[in-house]
Amino acid sequence: MSRALLRRQRRARLRARRWGWLGRLWALGTGRFGLLVVAAVTLTALVAAVWTPFDPQQVDLAARWSAPSLVHPLGTDGSGRDILSLLMAGARTTILVAVGAGVIATALGLVLAALGALTTRVVRESVAVLIDILIAFPVLLIAMMVSAVWGGSLAVVIWSVGIGFGVNIARVTRPELRRVLHSDVVLAGKAAGLTPVQNLARHLLPHVAPVFIVQLSWGMAVAVLAEAGLSYLGFGAPVTDPSWGLLLAELQQYLTVYPLSVLWPGLAITVTVLGLNLLGDGLREATDPTLRTARGAARAARTHVPEVVA
């Protein structure tokens, strides 16, 4: 191996060590892509809160179905609304749903997982049965049923998706908590006089964080898909709120006539979901010490040059 390559690898390891898990995440191709996508969508949502090129709901019949130009970089729809402004405003809805569903799923999943792993046997078995019952209902079906009763709104989407994926997080995290509960670190904490809550915060949660992070990122990605799908079907965001799903539903009927207009909301949904999934995979590898050790050993095996014995 050349000295220049060794120096580059050494500098990369120093940068990763200096920035901690964020440096390790940036060193991964999947993590870098996911981080850039999520940062771009978040920045777009923040900018759209104070500025968009045009009013997203402004109708201009004289400019309907305009081709991409300097005035309208992505063109306009059948009402003359600027598609770029609609996409920017729709990013706010996407971020709101993803973050809101993620917070609810985190709180519910951790509570159910802790009750199902750290309490008495009767409570553990009851929680396990409750999780099995709740997980049998698809998230989209629950959201559609609630929307039919309470009306379509972002709050219904956020709570439905948050509860549905909170149960998923609990189902995956609970066995991990039970496994870590009998490890030497946790037993040493009990011997040192730590309370169950202190043991949970100091030893149990850090060990299950990689699994939890992947499930949470996946849940946030599906929350974006669920919001788009429910809005597409008319059960999600009201027509007065900009949404990528609503925009896709409005433009898809003109697919054969103006196919380029349908590309933008579909591409925004696809890239955002892909970015969230890859960010979760990168976070897991950056925070899981066992994966880092295995990855380092595999890299060393690939770059090792055996000595030739004369």
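The axes of helix H8 (residues 184–191) and H9 cross at roughly 155° and come within 10 Å. Here an axis is a line fitted to C-alpha atoms, for helices over the stretch in contact, and angles run from 0 to 180 degrees between N-to-C directions. Helices are DSSP runs (H or I, at least four residues) numbered from the N terminus.

The model is predicted, with local features needing pLDDT of at least 70 and side-chain atom pairs counting only at pLDDT 80 or more, while totals for chains, interfaces and linings use all residues. Residues are numbered from 1 along each chain as its sequence is written, and side-chain values use heavy atoms, with hydrogens and water left out.

## Contacts of H9

From H8, Val185, Val186, Gly189 and Lys190 meet Asn199, His203 and Leu204 in H9, where contact means heavy atoms within 4.5 Å. The residues of this contact divide into 3 nonpolar, 3 polar and 1 charged. In this scheme Ala, Val, Leu, Ile, Met, Phe, Trp, Tyr, Cys and Pro count as nonpolar, Asp, Glu, Lys and Arg as charged, and the others, Gly among them, as polar.

Helix H4 (residues 83–118) also crosses helix H9 (residues 196–233), at roughly 140°, and their axes come within 8 Å. That angle makes H4 oblique to H9. H4 passes H9 in a right-handed crossing. On the H4 side the contact includes Thr93, Val97, Ala101, Gly102 and Leu110, and on the H9 side Leu200, Phe212, Leu216, Met220 and Glu227 are among the residues involved. By class, the contact of H4 with H9 has 15 nonpolar, 4 polar and 1 charged residues.

## Cavities and a pocket

A search of the whole structure finds 2 cavities of 30 Å³ or more. On a 1 Å grid over the protein atoms alone, a cavity is a set of points where a 1.4 Å probe fits but cannot get out, a pocket is an open set with protein on both sides within 12 Å along at least five of seven lines, and lining residues have an atom within 4 Å of a point. Grid points are joined across faces, edges and corners, and a volume is the space filled by probe spheres set on the points.

| Space | Volume | Lining by class |
|---|---|---|
| Largest cavity | about 100 Å³ | 5 nonpolar, 2 polar, 3 charged |
| Second largest cavity | about 40 Å³ | 8 nonpolar, 3 polar, no charged |
| Second largest pocket | about 280 Å³ | 13 nonpolar, 2 polar, no charged |

The lining of the largest cavity includes Gln57, Arg81, Asp241 and Glu250. Helix H10 (residues 244–251) gives the most to this lining, with 3 residues.

For the second largest cavity, H4, helix H7 (154–181) and H9 each supply at least two lining residues. Among the residues that line this cavity are Ala101, Gly102, Phe165, Leu216 and Met220.

The second largest pocket is lined by 15 residues, of which Val41, Thr44, Trp244, Ala268 and Thr272 are the closest to its centre. Helix H3 (29–48), H4 and helix H11 (259–287) are the elements that give two or more residues to the pocket lining. The largest share, 5 residues, comes from H11.

Technical notes
Parallel < 35°, antiparallel > 145°, perpendicular 65-115°, else oblique. Left-handed = near helix turned anticlockwise from the far one by under 90°.
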